[in-house]
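Hello,

Here is the structure I promised to pass on. Please have a look at it, and then read my notes below.

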Amino acid sequence: MAPSSSAKQLVAVAVSAFLLAAASSRQQPVHLRLYMHNVMRGPGTTAIHLIHGVGPPHDVERGAYFGDTAAIDDVVTEEPDAGSRAVGRAQGTYMLASQHEEVLTVAITVALTAGPYNGSTFSVAGRVGVYDDKAEAAVVGGTGRLRRAAGYLTWRMVELVVSEKYVMVELDVHMSVPPVSAAGGNWWSSLLRSIN
């Protein structure tokens, strides 16, 4: 007697669950140390205010207001020097998210344009203290060779030049990505194609 289609589906689900558990232990770790260069004034401006002065004055940051929001298109380098080789762009927004603390919420995608992950991106979301020695944010996804990236990064201000409105931030990124098959897809896609 041949197995019923529901029995085949049950076996396929069980095999999929087993393979998913096995594959999660095969995640490929990725570590990147990058530097984001934020310029809010002058000819090389990479950040602009989208919202400024609408909310109440901030308790601590002079001249800032709760809800101030900026859009960024910052140069990303591998070295802590604004003149070093660019390896990507950090694009997105950050907002002054607390009325009483120097805290930003960030939603940024880092688009890499050089090195082994050229053409790939990873996305970051979270709450970071402006002056924290090492604030953490979540890596919530990626594309290309970093597809389905997950992990965290530490966000640390390395340099602040108030007169020039320049900030350099170190991003110490720790993430993992699922293995990619030689066909360019992942093992899960291959499994689903073989079952159907």
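Two strands count as paired if DSSP finds at least two bridges between them; strands themselves (E, at least two residues) are DSSP runs, numbered from the N terminus, as are helices (H or I, at least four). Ile 51, for example, stands opposite Thr 69 in E3.

A word on the source: this is a predicted model, where local features need pLDDT of at least 70 and side-chain atom pairs count only at pLDDT 80 or more, while totals for chains, interfaces and linings use all residues. Residues are numbered from 1 along each chain as its sequence is written, and side-chain values use heavy atoms, with hydrogens and water left out.

Strand E2 (residues 47-51) pairs with E3 in the antiparallel sense over four bridges. E3 also runs antiparallel to E1, with three bridges, and Tyr 35 faces Thr 77 of E3 there. Between E3 and E4, again antiparallel, there are nine bridges; Ile 72 has Gly 92 in E4 as its bridge partner.

Now the largest pocket, which holds about 800 Å³ of space. (On a 1 Å grid over the protein atoms alone, a pocket is an open set of points where a 1.4 Å probe fits, with protein on both sides within 12 Å along at least five of seven lines; lining residues have an atom within 4 Å of a point. The volume is the space filled by probe spheres set on the points, which are joined across faces, edges and corners.) Of its 27 lining residues, Met 40, Glu 61, Tyr 94, Val 130 and Val 167 are the closest to the centre. E8 (150-161) is one of the strands that supply at least two lining residues, and with four residues E8 gives the most.

Best wishes
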